[in-house]
Amino acid sequence: MVCHEIMMHMESTFFSFPSSFCIMLLLAVFCYSNQPVIQLRLAGEKKKHYEGRVEVFYNGEWGTVCDDDFSIYAAQVVCRELGFTGAESWLPSAKYGKGEGRIWLDNVHCTGSEKSLAHCESNGFGVSDCKHSEDVSVVCSSKRIPGFKFIRNQANSQEGLTVQVEEVRIRATYSHRKRIPITEGFLEVKDGGKWRQICNEDWNQMNSRVICGMQGFPGEKRFNTRPYKLLASRRKKNYWGFSINCTGNEADLSDCKLGREIEKKGNSTCGKGMPVVVSCVPGRVFAPSVSIGFRKAYRVEQPLVRLRGGAMIGEGRVEVLKNGEWGTVCDDNWNIRTATVVCRELGFGSAKEALTGARMGQGIGPVHMNEVECSGFEKSLTECYFNPNSLGCSHEEDAAVKCNVPAMGFHNRLRLSGGRNPYEGRVEVLGERNGSLVWGTVCSDSWGTMEAMVVCRQLGLGFASNAFQETWYWQGDSSADAVVMSGVRCSGTELTLEQCLHHGKHVVCPKGGGRFAAGVSCTMTAPDLVLNAQVVEQTTYLEDRPMYALQCAHEERCLSGSADKADPSSYRRLLRFSSQIHNNGQSDFRPRASPQSWVWHDCHRHYHSMEVFTHYDLMSLNGTKVAEGHKASFCLEDTYCDEGIQKRYECANFGAQGITVGCWDTYRHDIDCQWIDITDVKPGDYILQVVINPNHEVAESDYTNNIMKCRSRYDGHRMWTYNCHTGKRDLFTLCIKDEIFFSKKK
């Protein structure tokens, strides 16, 4: 406080009393040189490693900071003192839980330019009238300050200090550097802009587990130390001066405790040991392919946990399988430790972030788990404690994760060229030609949304918003005009374009490259359409309708093939039902075609913005199609919206078509073509299947929930429809439920 008053007085006396200013300057230098040296850390129930409750180490004791008068300027000082480039926000009222011990600082006033929180104006250390319910927290930028040197308080006990370094890496030996991903090598940390090794005197398996998690690997493993001892004896070493103490359940090294200072002996700081070596186990997705002999014996187990709706590999909404049904997890108590259990279970590393509030879109079905608490060492999320009696959690609270994934270098073999921004352009791949690697284009024959989705994911640009078969308006590198890849067909789950089916060395592309090369535009958000299965089940019925009343539907090919030869006075038997389609995603669902290219249908007097919006199929139990129907999007609009959401799309007067996030479009059962023509179907047991956006014409964050299936029994007069569900489910489960349903009927 006194130092702050001296500085204020200096400003007022600078011009009037130069000699006084010199005296005040000396006092200021003395004052700041005697400022208490503190250490900071971020603690509490965190969802990212760069956020948390602000804790101060002073006078040998950890304490907290009160939120009174705290500001974003103070948060900037805290984050920079911790080695981050800046602060994103600050939060009052113990948002990351109540701290313990002293409340060291209260009524903190910072200008934002201070080097340390100790330099900011305050009541003084230990002077506070606050409670721990007022502990302040900050959210820092994830980026570290390049070349930042962490100043540690050597005068006080190091107990409780966390590890603070700029970067962490596993440096492979020369014989392993060509392997991708790098799973083994010397551990190095960057501090003060220099890479340094760590002495292995106090190193343990739990420390390696945390490092592997940060590098995108689910676990650590043993390794042969002999070659590393030999290499270490020949290399020049530059050791970091401390040991590290991790419990093993930390998501990041910055959450581990700083260990003892390593005694320096000449140029070496590791007299009894050698540099730390870490060896990690890659997840199944990133592991080198196993030999054919092992693959035959390998049995893929049914996963109990999955991620859905994420833009990148290793992120998404967390879903759990219970009693044969997928459901979501509520975000109550959701933290980075629990998120890390999910990430490791799925073959990724530790969690970068634990997301709440349905940040990856809302799921469907039940909420299976609430108030989940994990120790961090569970093999599966299903082993963690949760409250089975906690009710009232909606899908607005669905939990999600972002996981650390290995550095695979996928983006180095692919690029977008000529676009107006980094998210669009002509797709250019690094391919082999005449024995050397050259950049070239991709043939656009059969190029579509699924292929574009793989490109965007490989480049880390999210989802595809469009797939282009002509790119003449994007002038790429002329030296890369030649086609080096053709016949590309992707399922959408591949990590790279090379993993998709494509022609080998013999490229076949009738159109050639240049203006006909494949292109994409990418986006970080996408819609997600889900059909309400319950509405279909509740509205299904049969109607016999005369052919003369079905003229327009016949013109639009909404009847079965036998209708072409049917007598005008005959009847068609129609299986009718309503469909309610909800947009659970993070952006609006819009037709790919612009209004200028919509097709006008004179008979029904409406436009089709998508020629095929849904497929309706009736199939036998072995999957053979016995009857079909389809629905064009003659009117995509917001019929109803969730509370608080405004309708944006209305078809009247050639208006904009689409479905807003949080709204649904309803096609009533009495609308033309909202049926399957079952005139020629024999009595029996069937599966009713509805598929939305079947041609993947519009990109979505999750296509697995576009399919709805029901069991149906037809006796020649009536149709029973039951056990309707969204998403894929095996036939065995359907048949078991079928028997239960009809046993109840009896």
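Visitor: Why does glutamate 319 count as buried?
Guide: Glutamate 319 has a relative accessibility of 6%. Buried means under 20% relative accessible area, exposed over 50%, and partly exposed in between (1.4 Å probe, protein chains only). Glutamate 319, at 6%, therefore counts as buried. This is a predicted model, in which local features need pLDDT of at least 70 and side-chain atom pairs count only at pLDDT 80 or more, while totals for chains, interfaces and linings use all residues. Residues are numbered from 1 along each chain as its sequence is written, and side-chain values use heavy atoms, with hydrogens and water left out.

Visitor: What makes the pair of glutamate 319 and arginine 317 a salt bridge?
Guide: The closest N and O atoms of glutamate 319 and arginine 317 are 3.0 Å apart. A salt bridge requires a side-chain nitrogen of Lys or Arg within 4 Å of a carboxyl oxygen of Asp or Glu, and this pair is accordingly assigned as one. Arginine 317 is buried as well, because its relative accessible area is 2%.

Visitor: How do you know that glutamate 428 and arginine 426 meet in a salt bridge, and why are they called buried?
Guide: The N to O distance between the side chains of glutamate 428 and arginine 426 is 2.6 Å, and the pair is a salt bridge. Glutamate 428 is buried because its relative accessible area is 0%, and arginine 426 is buried because its value is 2%. Shared partners join Arg415, Arg426, Glu428 and Asp481 into one salt-bridge network.

Visitor: What makes the salt bridge between arginine 308 and aspartate 702 a link between distant parts of the chain?
Guide: The side chains of arginine 308 and aspartate 702 meet at 3.9 Å, N to O. Arginine 308 belongs to strand β14, whereas aspartate 702 lies in the loop between β37 and β38 (707-714), so the DSSP assignment places them 394 residues apart. Aspartate 702 counts as buried because its relative accessibility is 6%. The structure holds 31 salt bridges.

Visitor: Why is helix α7 described as largely enclosed by the rest of the structure?
Guide: Of the 10 residues of α7 (residues 336-345), 8 are buried, so this helix is largely enclosed. Helices (H or I, at least four residues) and strands (E, at least two) are DSSP runs numbered from the N terminus. The buried residues of α7 are Ile336, Thr338, Ala339, Thr340, Val341, Val342, Cys343 and Arg344. They pack against α4 (205-214), β10 (219-220), β14, β15 (315-322), β17 and β19, where contact means heavy atoms within 4.5 Å. The chain has 11 helices and 39 strands, and 51% of its 746 residues count as buried.

Visitor: What makes a space a pocket, and what is the volume of the largest one?
Guide: On a 1 Å grid over the protein atoms alone, a pocket is an open set of points with protein on both sides within 12 Å along at least five of seven lines, whereas a cavity is a set where a 1.4 Å probe fits but cannot get out; lining residues have an atom within 4 Å of a point. The largest pocket has a volume of about 1900 Å³, that is, the space filled by probe spheres set on points joined across faces, edges and corners. Of its 46 lining residues, the closest to its centre are Val285, Arg306, Leu307, Arg308 and Thr493. The elements giving two or more residues to this lining are β14 (305-308), α8 (449-458) and β37 (684-692), and the largest share, 4 residues, comes from β14.

Visitor: Which residues are closest to the centre of the second largest pocket, and which element gives the most to its lining?
Guide: The second largest pocket has a volume of about 1600 Å³. Of the 50 residues that line the second largest pocket, Met214, Lys352, Asn404, Val405 and Ala407 are the closest to its centre. Strand β7 gives the most to this lining, with 4 residues.

Visitor: How many cavities are there, and which residues line the largest?
Guide: The count comes to 4 cavities of 30 Å³ or more. The largest cavity has a volume of about 110 Å³, and its lining includes Arg41, His49, Phe84, Arg144 and Asp255. The second largest cavity has a volume of about 50 Å³, with Gln39, Arg152 and Leu258 among its lining residues.
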